[in-house]
Amino acid sequence: MKRFAAAVGVCLFLSLPAQAESFITVLTGGTSGVYYPLGVALSNVYGKALPGAKVTAQATKASVENLNLLQAGRGEIGFTLGDSLSDAWKGNEEVGFKAKLEKLRTIAAIYPNYIQVVATKESGIRTLADLKGKRVSVGAPKSGTELNARAIFHAAGLDYKDFSKTEYLPFGESVDLMKNRQLDATLISAGLGVAAIKDLSASQEVTVVTIPAEIIAKVGDPAYIAETVPPNTYPGQTEAVPTAAVRNLLVTHSGVSDDAAYAMTKTLFDNLDALAAAHVAARQIKLDATATQSPVPLHPGAAKFYKEKGLM
């Protein structure tokens with residue numbers, strides 16, 4: 001992490017050796033989701049704001065993999081879902097964390113991930129109960145999406161064995177199977193306006209399935225909140241659809257210097273327009289008190305930024 005700290009020190013204070021090569025790896029998600037385009041946009045922002053740094057956006061399996069990579073120091077900043085972050089902090093081995101990931105530190109809570117259950121209209125699926133006996137994709141194994149699927153389906157009284165076929169696939173592959181009539185439904189956890197869902201709904205009629213508030217309450221995790229998919233978010237979806245949501249966060253680790261974390265946080269909020277241009281989900285990122293809320297401590301550098309803004 002010294003290599004990144006040196007670059008930020010040069011950028012902010014012109015005091016560290018300019019020749020020190022630096023690297024910033026932004027850990028994202030699958031290329032058909034929302035994390036990836038936002039991560040690419042964030043890497044572009046950092047590349048322009050932090051001269052001399054070599055910035056890359058790395059496609060990953062999203063939340064769980066990102067958090068394990070950050071714990072190992074194999075990335076400087078990454079996207080995650082709030083419930084995955086909570087599990088990582090606790091060391092929930094069942095979902096992919098072999099021990100407590102105590103090096104994790106929060107940069108910012110950003111936009112909510114909407115848990116979107118999408119079915120082909122011809123499948124006849126209208127409610128969560130209708131998923132019984134159907135072919136369903138639940139997301140890549142132990143991804144944030146798949147953890148959301150476990151929670152929501154369990155709260156609805158469903159188990160994977162209730163489906164005639166369960167696929168563990170990322171967004172794009174799930175949609176491809178639905179297009180080919182090999183899959184009836186998929187659960188996608190992402191910001192609004194997922195490209196894969198737009199692609200599917202442009203080619204055939206789909207149903208965005210309601211997740212009722214009482215189901216969300218049964219999850220028993222405050223990370224899950226009631227939200228609504230607004231009308232016309234996707235082609236043919238003319239009415240608002242109640243659903244669940246989990247807030248996303250940007251996370252770093254304790255090996256990142258205070259100056260580096262401060263610069264990453266400030267640069268993020270100074271360039272929200274650039275992120276919103278990359279994906280509509282970023283329009284919901286706000287510099288307010290909610291940005292500081294996380295199951296994991298803020299990095300001291302990020303905390304310094306929020307204190308300067310009067311948010312702490």
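**Before you start**

This is a predicted model, in which local features need pLDDT of at least 70 and side-chain atom pairs count only at pLDDT 80 or more, while totals for chains, interfaces and linings use all residues. Residues are numbered from 1 along each chain as its sequence is written, and side-chain values use heavy atoms, with hydrogens and water left out.

**Stop 1: the whole chain**

Helices (H or I, at least four residues) and strands (E, at least two) are DSSP runs, numbered from the N terminus. The C-alpha trace spans about 65 × 35 × 35 Å along its principal axes. The radius of gyration is 20 Å, which agrees with the value near 20 Å for a compact globule of 312 residues; it is taken over C-alpha atoms, and the globule rule is 2.2 Å times the number of residues to the power 0.38.

**Stop 2: strand β4**

Select residues 104–120, which form β4. Of its 17 residues, 16 are buried (under 20% relative accessible area, with exposed over 50% and partly exposed in between; 1.4 Å probe, protein chains only). In the chain, 54% of the 312 residues are buried.

**Stop 3**

Two strands pair if DSSP finds at least two bridges between them.

- Gln116 stands opposite Ile188 here.
- β10 (residues 241–253): nine bridges join this strand to β4, and the two run antiparallel. Ile115 has Ala244 as its bridge partner.
- β8 (residues 206–209): this strand pairs with β4 over four bridges, also antiparallel. Look for Ala119 opposite Thr207.

**Stop 3: the largest pocket**

Now select Asp87, Val95, Leu147, Arg150 and Ala151, which lie nearest the centre of the largest pocket among its 20 lining residues. A pocket is an open set of points on a 1 Å grid over the protein atoms alone, where a 1.4 Å probe fits, with protein on both sides within 12 Å along at least five of seven lines; lining residues have an atom within 4 Å of a point. Helices α4 (82–90), α5 (144–155) and α8 (213–219) are the elements that give two or more residues to this lining. The most come from α5, with six. The space in the pocket is about 450 Å³, a volume filled by probe spheres set on grid points joined across faces, edges and corners.
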